[in-house]
Amino acid sequence: MLTDLLNDAIRVLTDVLGPHGPAVNAAKSFAPGDFSIHFFLQLAVIILACRVVGWLGQKFLGQPQVVGEMIAGVVLGPSLLGLLFPDIQLAIFPKETKNVLYAGAQLGVGLYMFLVGTTLQLDHFKSKGKSAFGVSMAGIIAPFLIAVAITPFLLTVPGLFAPGISQSNATLFMGACIALTAFPMLARIINERGLSNTSLGTLSLTAGAFDDATSWCVLAVVLATFGGGPGIAVIAIGGGLLYAGFMLFFGRKLLAPLGRMVEEKGEMTTGVLAVTIMLFCLSAFLMDAIGIHAIFGGFLLGSVMPRGLFVQELKKKVEPLAVVLLLPMFFTYSGLNTRLDMVNSIPLLLIALGILIASILAKFGACWAAARLAGEDNRTALGIGALMNSRGLMELIIINIGLQKGIIGPTLFSMLVLMAIVTTVMATPLFEFVYGRKARQTGELGAVPGSMAAGAV
């Protein structure tokens with residue numbers, strides 16, 4: 001009797017991660033409770049992996065927490081955990097639950113980009129506008145020229161791009177991927193490396209903002225014109241421009257009462273927070289519904305939100321949850337789609353290496369040359385090139401959109417994930433090598449403070 005009870009208990013425990021719904025096509029389906037069980041287990045595993053890998057990156061490599069989290073996402077996917085322990089990886093992250101994780105990932109990245117929008121400072125665009133424009137143009141033109149050169153060849157390799165994609169759309173997408181700069185991470189590095197009031201810091205931040213804005217505009221055009229016909233393109237591009245114009249011209253005025261409420265109370269009440277989150281959700285929904293992407297809605301709304309105490313309170317209440325819980329879901333979802341084992345031949349490895357080298361030369365080299373032409377000394381120009389070459393979270397966002405919309409295949413996605421991680425990891429040590437170390441020895445910069453915070457993306 002006792003043996004039967006123990007055996008039954010063991011059977012129940014081993015079956016806890018299995019499907020318990022009705023049979024569909026001769027196989028059991030997932031019941032609602034199964035999704036819940038997996039979701040909470042996935043969150044626990046994701047948070048643990050991100051904190052551990054992030055800590056290791058900070059401790060031994062001097063990398064920000066978020067770089068470790070980017071790598072942790074790949075570790076949890078088929079490229080490592082699935083390769084070493086396929087049964088465990090499949091039990092924790094069955095394909096049936098990916099849609100749930102996807103929704104959480106979009107909430108996390110959308111909410112984070114909303115917070116990034118609230119920190120956008122327009123004064124950066126004024127003080128170094130002319131020089132930054134030259135650096136920015138170089139950081140855009142060179143990547144797109146590289147894309148023009150390599151995309152025709154990439155289109156001949158099966159599985160990299162979607163069948164039937166036009167050369168122009170493929171070229172625009174590759175150009176946007178290579179031209180992208182991790183603006184949030186760039187801002188954090190500049191702040192924590194003591195560069196906020198330097199010519200290098202202001203110029204890099206301004207140029208990075210220009211580059212990101214251009215890349216997102218290009219992506220919006222590709223999304224609007226890829227596979228949807230002229231009607232969808234008109235709705236997406238026209239709707240996006242109308243919404244952006246409305247927010248830029250009327251958004252601040254309409255949202256100002258929220259800021260006044262916070263100032264009068266001295267804090268953000270739950271009512272104001274509820275209205276703010278509701279507006280974020282509606283803005284994200286609108287951009288998703290017209291065929292662009294939710295993150296555009298979040299970022300646009302954040303850029304016109306009241307500043308001052310409102311932003312301080314909003315970040316205090318929302319940022320910890322977004323950074324610790326929600327954003328890691330995005331990294332993991334990216335990692336689950338990353339199949340480095342698909343880059344499994346010498347030709348594919350050479351293509352991945354070629355994309356990486358071309359991306360570094362196009363961004364680092366072009367921005368260095370433009371900074372020199374703008375009158376900066378060689379060391380400062382090298383520092384600008386090193387900072388502008390980082391792609392970070394922004395690259396993962398853009399390639400995830402490309403994969404989701406069917407523009408690129410899993411193989412090219414994996415190559416671009418590798419490019420994003422390598423260029424992000426190399427940014428800080430390369431900057432210190434070409435500029436930071438010497439500047440601190442001469443007293444131009446102070447000592448580096450403690451490790452970069454988790455919010456650096």
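This note walks through a predicted model, point by point.

1. Ground rules. The model is predicted: local features need pLDDT of at least 70, side-chain atom pairs count only at pLDDT 80 or more, and totals for chains, interfaces and linings use all residues. Residues are numbered from 1 along each chain as its sequence is written, and side-chain values use heavy atoms, with hydrogens and water left out.

2. Confidence. pLDDT is the predictor's confidence in each residue, from 0 to 100. The protein chain averages 82. A score of at least 70 is reached by 84% of the residues. Among the elements, helix 13 (residues 270-289) has the highest mean pLDDT, 93. Helix 7 (residues 124-127) has the lowest, 55. Residues 450-456 fall below 50, yet this stretch has 24 contacts in the model beyond near neighbours in sequence. Contact means heavy atoms within 4.5 Å.

3. Overall build. The protein chain has 19 helices and two strands. These are DSSP runs numbered from the N terminus: helices are H or I with at least four residues, strands are E with at least two. Of the contacts with a separation of 6 or more, 79% join residues 24 or more positions apart.

4. Of the 457 residues, 52% are buried. Buried means under 20% relative accessible area, exposed over 50%, and partly exposed in between (1.4 Å probe, protein chains only). The chain exposes about 20100 Å². Carbon and sulfur atoms supply 70% of that area. Accessible areas come from the Shrake-Rupley method with a 1.4 Å probe; for residues, only the protein chains shown count as cover.

5. Helix 14. This helix covers residues 294-303. Nine of its 10 residues are buried, so the helix is largely enclosed by the rest of the structure. Among the buried ones are Phe296, Gly297, Gly298 and Leu300.

6. Serine 215 sits in helix 11 (residues 199-225), with a relative accessible area of 1%. Leaving aside neighbours within four places in sequence, serine 215 is in contact with Ala176, Ala179 and Leu180. Glutamine 106 belongs to helix 6 (residues 98-118) and is buried at 15%. Not counting residues up to four places away in sequence, glutamine 106 touches His293 and Phe330. Alanine 439, in helix 19 (residues 410-441), is buried at 0%. Its C-alpha atom is 9.7 Å from that of threonine 380, 59 residues apart along the chain.

7. A nonpolar patch. Leu48, Val52, Trp55, Leu56, Phe60 and Leu61 make a nonpolar surface patch of about 660 Å². Patch residues have over 30% relative accessible area and no salt bridge; like charges are joined within 9 Å, nonpolar side chains (Val, Leu, Ile, Met, Phe, Trp, Tyr) within 5 Å. A salt bridge is a side-chain nitrogen of Lys or Arg within 4 Å of a carboxyl oxygen of Asp or Glu. Valine 52 lies in helix 2 (residues 32-61) and is partly exposed at 40%.

8. Aromatic pairs. The whole structure holds seven. Rings of Phe, Tyr and Trp (its six-membered ring) pair if their centres lie within 6.5 Å; planes under 30 degrees apart count as stacked, over 60 as edge-to-face, the rest as tilted. Phenylalanine 39 and phenylalanine 40 are edge-to-face, because their planes stand at 65 degrees, with centres 5.9 Å apart. Tryptophan 55 and phenylalanine 60 are also edge-to-face, at 6.2 Å and 85 degrees. Tryptophan 55 is partly exposed at 47%, whereas phenylalanine 60 is exposed at 61%.
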